[in-house]
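Subject: Structure handover

Hello,

Here is the structure I promised to pass on. Please open it and keep it beside you as you read my notes.

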Amino acid sequence: MTQEELLQLLLPEGILEYFAVTRIHQDPKEIWIYLEELNVTPIEYAQEQLISKGFMEESSMQDFPIRGKAVHLFVKRRRWYNNSTGQYVTRNWDMVAEGTRMTKEFAAFLKAILGYNPGKLQ
């Protein structure tokens, strides 16, 4: 089993399609997992010229415990500058929901981290 396969078992299903694990830190009681959104142009902007301009403010949430340790996920969402419009854009999670099959767990993750409403997935 590879490290990525192991992470897929531990993290909310589907998260590694959009985020990379950048760091993991632990102490005797807690585990901190840091995630950054991948620099993959959102499909709704495929025809636009986007330039990655870093990340939005980091969000955090608590996930299921592992081996009796509290697990905290720290997520950085990417933002892009759209040269055509002069505006900053982020991934449209409604488009992701239409284009992929999200699990309830991943939808709940998005709701907790991003304020996404998984009820819109139906």
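Met 1, Leu 6, Leu 9 and Leu 10 make a nonpolar surface patch of about 450 Å². A patch is made of residues with over 30% relative accessible area and no salt bridge; like charges are joined within 9 Å, and nonpolar side chains (Val, Leu, Ile, Met, Phe, Trp, Tyr) within 5 Å. Accessible areas come from the Shrake-Rupley method with a 1.4 Å probe, and for residues only the protein chains shown count as cover. Met 1 sits in the segment before α1 (3-10). Helices (H or I, at least four residues) and strands (E, at least two) are DSSP runs, numbered from the N terminus. Met 1 counts as exposed, because its relative accessibility is 74%. The cut-offs are these: buried is under 20% relative accessible area, exposed is over 50%, and partly exposed is in between (1.4 Å probe, protein chains only).

A word on the source. This is a predicted model: local features need pLDDT of at least 70, side-chain atom pairs count only at pLDDT 80 or more, and totals for chains, interfaces and linings use all residues. Residues are numbered from 1 along each chain as its sequence is written, and side-chain values use heavy atoms, with hydrogens and water left out.

Next, strand β5 (residues 69-76). Of its 8 residues, 7 are buried, so β5 is largely enclosed by the rest of the structure. Which strands pair with β5? Strand β2 (residues 30-37) pairs with β5 in the parallel sense, over 7 bridges. Two strands pair if DSSP finds at least two bridges between them. Here Ile 33 stands opposite Leu 73 in β5. Strand β4 (residues 59-66) also pairs with β5, in the antiparallel sense, over 6 bridges. Ile 66 stands opposite Lys 69. β4 and β5 form a hairpin with 2 residues between them. Arg 67, in that turn, has a positive phi of about 50°.

Now the salt bridges. The rule asks for a side-chain nitrogen of Lys or Arg within 4 Å of a carboxyl oxygen of Asp or Glu. The count comes to 2. One joins Lys 76 and Glu 36, with the closest N and O atoms 3.8 Å apart. Lys 76 lies in β5 and Glu 36 in β2, so the pair ties together parts that are 40 residues apart in sequence. Lys 76 is partly exposed, at 28% relative accessibility. Glu 36 is partly exposed too, at 23%.

In the other, Glu 37 meets Arg 91, at 2.8 Å from N to O. This pair links distant parts of the chain: Glu 37 is in β2, and Arg 91 is in the loop between β7 and α2 (93-99), 54 residues apart. Are these two residues buried or exposed? Glu 37 is buried, with a relative accessible area of 1%. Arg 91 is buried as well, at 8%.

Last, strand β6 (residues 78-82). Its side chains alternate. Arg 78, Trp 80 and Asn 82 point to one face and are buried. Strand β3 (residues 50-55) runs antiparallel to β6, and 4 bridges join them. Ser 52 has Trp 80 as its bridge partner. Strand β7 (residues 87-89) pairs with β6 over 3 bridges, in the antiparallel sense. There, Asn 82 has Gln 87 as its partner. The hairpin of β6 and β7 has 4 residues between the strands, and Gly 86 takes a positive phi near 75°.

Best wishes
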